[in-house]
Amino acid sequence: MIPFYLIIFIDNLSVSLVLPVLIPIAYDPAAGLLADGGPGTRDLLYGLAIGTYSLAMFFGAPVLGSLSDLFRRKRTLALCLGGLALGYALTVWAMLAKDVPLFIAGRVVCGLFSGSLPVAQAAIIDVTPKERRVTAIGRIMFWVSMGYVAGPLIGGYLSDPTLVSWFSLPTPFVFVAGTSLLNLLILLTTYREERRPDELPAGKVSIPNPIARLGEAFRFPGIRVLSLSLLLMSLGWTAFFQFIGLYLTANEGFGQRTVSNLISVVGIGLAAAFLVFVPLAARYLKPAVSVPAALVVMTACILATALTGSLVVLYPVCLIGAIGYGISYSGLVGLMSVSVDDSHQGSVMGMAGAIAASTAGLTGVGFGLLDGSGSAPILSAAVFVLASAALMGLRPAARRRTEVPVGTDRADS
């Protein structure tokens with residue numbers, strides 16, 4: 001199982017590692033990619049570097065999922081790891097050459113091959129007995145969370161030459177490329193895949209249309225309001241997560257190491273949410289209570305980050321906000337799941353994934369074009385999350401009364 005958990009770790013590490021490093025890449029005239037350029041140009045580079053990665057993942061993840069059915073898990077995961085190594089090699093090359101188009105191309109390649117989480121998760125489930133699958137899923141979420149904790153620290157500290165003289169901005173990307181290649185070697189030498197009885201014959205594969213899947217979320221009976229609420233919440237969270245470090249750097253004078261620590265605290269909050277608070281909320285609270293409450297808490301925490309530059313306040317605020325996100329995301333996806341029959345569970349999970357990936361791309365590119373280093377992303381994030389809470393509060397009362405905690409079997413309620 002080690003290669004699969006490492007793949008999950010690297011996949012999520014890649015998302016958060018770039019955030020503290022990207023600030024000097026885009027805004028430092030000496031060490032970054034742009035020797036000249038105004039704030040608007042630098043905001044655009046920052047937004048494109050984040051947004052194109054997420055949009056590429058939006059289109060690449062369904063393809064990787066389908067390829068895993070055709071070519072089996074091991075080959076697809078090997079392709080993901082090789083693609084990630086290639087993408088980060090292009091990123092390092094672009095930084096050394098100060099080539100902006102090549103840098104964006106590297107981000108696109110990384111995004112295309114970053115959708116390996118569902119494939120690795122499926123590979124783990126394939127070889128895990130049914131009675132141990134709940135434990136396996138818990139371990140998966142642990143490694144997802146650890147990626148968000150370690151990513152900012154690796155990015156911030158491995159790029160800091162005051163710690164080690166030969167550290168520089170490309171160093172974190174060299175580290176991830178090397179880790180991907182090492183994990184590829186471990187995967188190829190330690191994992192033997194058995195052919196599944198239900199495996200598709202060679203040549204028969206259906207590649208889903210991610211845009212169509214995203215549209216289905218708002219046409220599917222019973223989950224339209226939930227899908228819209230998830231969309232608004234995801235827009236708010238991704239805008240906050242992508243731009244909070246840049247906002248505090250530009251407006252509060254935070255250094256790279258401080259930003260790395262703060263974003264890592266967000267990862268700790270996600271880990272605490274998925275490992276502790278989400279199970280508790282699912283067991284004891286109805287989603288009609290826990291989800292709107294968590295969304296209101298998120299709104300307050302996001303607003304608080306825009307109103308203070310005190311780390312004494314920012315650390316707990318970011319921690320609590322991330323816990324609120326974990327509870328609200330899990331609750332919304334859980335509600336979507338219990339709103340459809342068993343034959344549509346895969347479609348609902350695909351819709352939720354499409355919403356998450358597309359919103360990350362839209363906020364990155366959109367706020368990069370508008371005002372990435374100003375307050376617009378943070379204040380907009382609060383508005384989006386508050387709108388999501390209001391929408392959940394306006395759902396029909398009859399539907400809310402019939403809901404049970406998302407971790408409860410309806411047959412037992």
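# Chat about a helical model

User: How do the axes of H10 and H11 cross, and how close do they come?
Analyst: In this predicted model, the axes of helix H10 (residues 287–307) and helix H11 (residues 311–338) come within 8 Å and cross at roughly 150 degrees. Angles over 145 degrees count as roughly antiparallel, so H10 is roughly antiparallel to H11.

User: And which hand does the crossing have?
Analyst: H10 passes H11 in a left-handed crossing.

User: Which residues meet there?
Analyst: On the H10 side you'll find, among them, Val-291, Ala-294, Leu-295 and Met-298. The H11 side includes Val-317, Gly-321, Gly-324, Tyr-325 and Leu-332.

User: OK, zooming out. How many helices and strands does the protein have?
Analyst: There are 14 helices and zero strands.

User: How much of the protein is buried?
Analyst: Of its 413 residues, 54% count as buried.

User: And what about contacts across the sequence, how many join residues at least 24 apart?
Analyst: Take contacts between residues at least 6 apart in sequence: 81% of them join residues at least 24 apart.

User: What does Ser-145 touch?
Analyst: Leaving out residues up to four places away in sequence, Ser-145 touches Gly-267, Leu-270, Ala-271 and Phe-274. Ala-273 is 128 residues from Ser-145 along the chain, and their C-alpha atoms are separated by 9.4 Å.

User: Now Ser-234: buried or exposed?
Analyst: Buried, because its relative accessibility is 4%. Ser-234 lies in helix H8 (residues 224–252).

User: And which residues does Ser-234 touch?
Analyst: Ile-355, Ala-356 and Thr-359, again not counting residues up to four places away in sequence. Ser-234 and Ala-356 are 122 residues apart in sequence but 6.0 Å apart in space, C-alpha to C-alpha.

User: Last one, H6. How far does it reach from its first C-alpha to its last?
Analyst: Helix H6 (residues 171–190) has 20 residues and reaches 28 Å, close to the 28 Å expected at 1.5 Å a residue.

User: Which H6 residues are buried?
Analyst: They include Phe-173, Val-176, Ala-177, Ser-180, Asn-183, Leu-184 and Leu-187. An α-helix has 3.6 residues a turn, so residues three or four places apart point the same way.

Technical notes
Residues are numbered from 1 along each chain as its sequence is written. This is a predicted model: local features need pLDDT of at least 70, side-chain atom pairs count only at pLDDT 80 or more; totals for chains, interfaces and linings use all residues. Side-chain values use heavy atoms; hydrogens and water are left out. Axes are lines fitted to C-alpha atoms, for helices over the stretch in contact, and angles run from 0 to 180 degrees between N-to-C directions. Helices (H or I, at least four residues) and strands (E, at least two) are DSSP runs, numbered from the N terminus. Angles under 35 degrees count as roughly parallel, over 145 as roughly antiparallel, 65 to 115 as roughly perpendicular and the rest as oblique. A crossing is left-handed if the near helix is turned anticlockwise from the far one by less than a right angle, and right-handed if clockwise. Contact means heavy atoms within 4.5 Å. The expected span of a helix is 1.5 Å times one less than its number of residues. Buried means under 20% relative accessible area, exposed over 50%, partly exposed in between (1.4 Å probe, protein chains only).
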